[in-house]
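User: I'd like to learn how to read helix packing and salt bridges in a model. Can you walk me through it?

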Amino acid sequence: MLPQAFAYKCWSDRRVLDAVALIDPEKFPDEYAFALQQLNHLAIVEDLFRARLNGEADPHPATNTQAVPGYDELRERLLRSGQWYVEQLAVLTPECAQEVIRFRFTDGRSGSLTREEMFFHVLNHATYHRGSIARALDQAGVAHPADTYTVFVHATQPERREG
């Protein structure tokens, strides 16, 4: 299910990124800044878990930054990140999925998750923050995209509506 779930994540991320691009930053500076901050946080967390999955040092000291990159950079980072996770899941063996990885969170506390659990965390984390961004979109007068799994399935596999 994880490969399909990450295809869904990429689809949903693209839809929310497109919606954020419609926020008028002059009329709704707080909502735009909040949406970018949430996108930045998503990108950082995905970078952190990618490094942990690769056995590398954490690339960020925290899950947020003082300065938030612009929309274009965040869009590119998140789309590239989603693709990396999709590619990794395509070659993840059942044995490797159960490997436990020990790491330190950015707050210094230790943690351990299986590779499969790390993938699930990244997936679930993105869903949570897309929901937060939806609120900012509402406040800025931008319709937030319906991004539930059922919408994804029927948009990408319209034959499932037959019968």
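Analyst: Let's start with handedness: a crossing is left-handed if the near helix is turned anticlockwise from the far one by less than a right angle, and right-handed if clockwise. Here, α1 passes α5 in a left-handed crossing. A word on the source: this is a predicted model, where local features need pLDDT of at least 70, side-chain atom pairs count only at pLDDT 80 or more, and totals for chains, interfaces and linings use all residues. Residues are numbered from 1 along each chain as its sequence is written, and side-chain values use heavy atoms, with hydrogens and water left out.

User: At what angle do α1 and α5 pack?

Analyst: Two packed helices are described by the angle between their axes and the distance between the axes. Helix α1 (residues 2-20) and helix α5 (residues 115-139) pack at about 25°, their axes 10 Å apart. That makes α1 roughly parallel to α5 (angles under 35 degrees count as roughly parallel).

User: Which salt bridge does Asp 18 form?

Analyst: A salt bridge is a side-chain nitrogen of Lys or Arg within 4 Å of a carboxyl oxygen of Asp or Glu. Asp 18 pairs with Arg 75, the closest N and O atoms being 2.9 Å apart. The pair links distant parts of the chain, with Asp 18 in helix α1 and Arg 75 in helix α3, 57 residues apart.

User: Is Arg 52 buried or exposed?

Analyst: Buried means under 20% relative accessible area, exposed over 50%, partly exposed in between (1.4 Å probe, protein chains only). Arg 52 is buried at 5%, while its salt-bridge partner Asp 58 is partly exposed at 32%.

How values were computed. Axes are lines fitted to C-alpha atoms, for helices over the stretch in contact, and angles run from 0 to 180 degrees between N-to-C directions. Helices (H or I, at least four residues) and strands (E, at least two) are DSSP runs, numbered from the N terminus. Angles under 35 degrees count as roughly parallel, over 145 as roughly antiparallel, 65 to 115 as roughly perpendicular and the rest as oblique.
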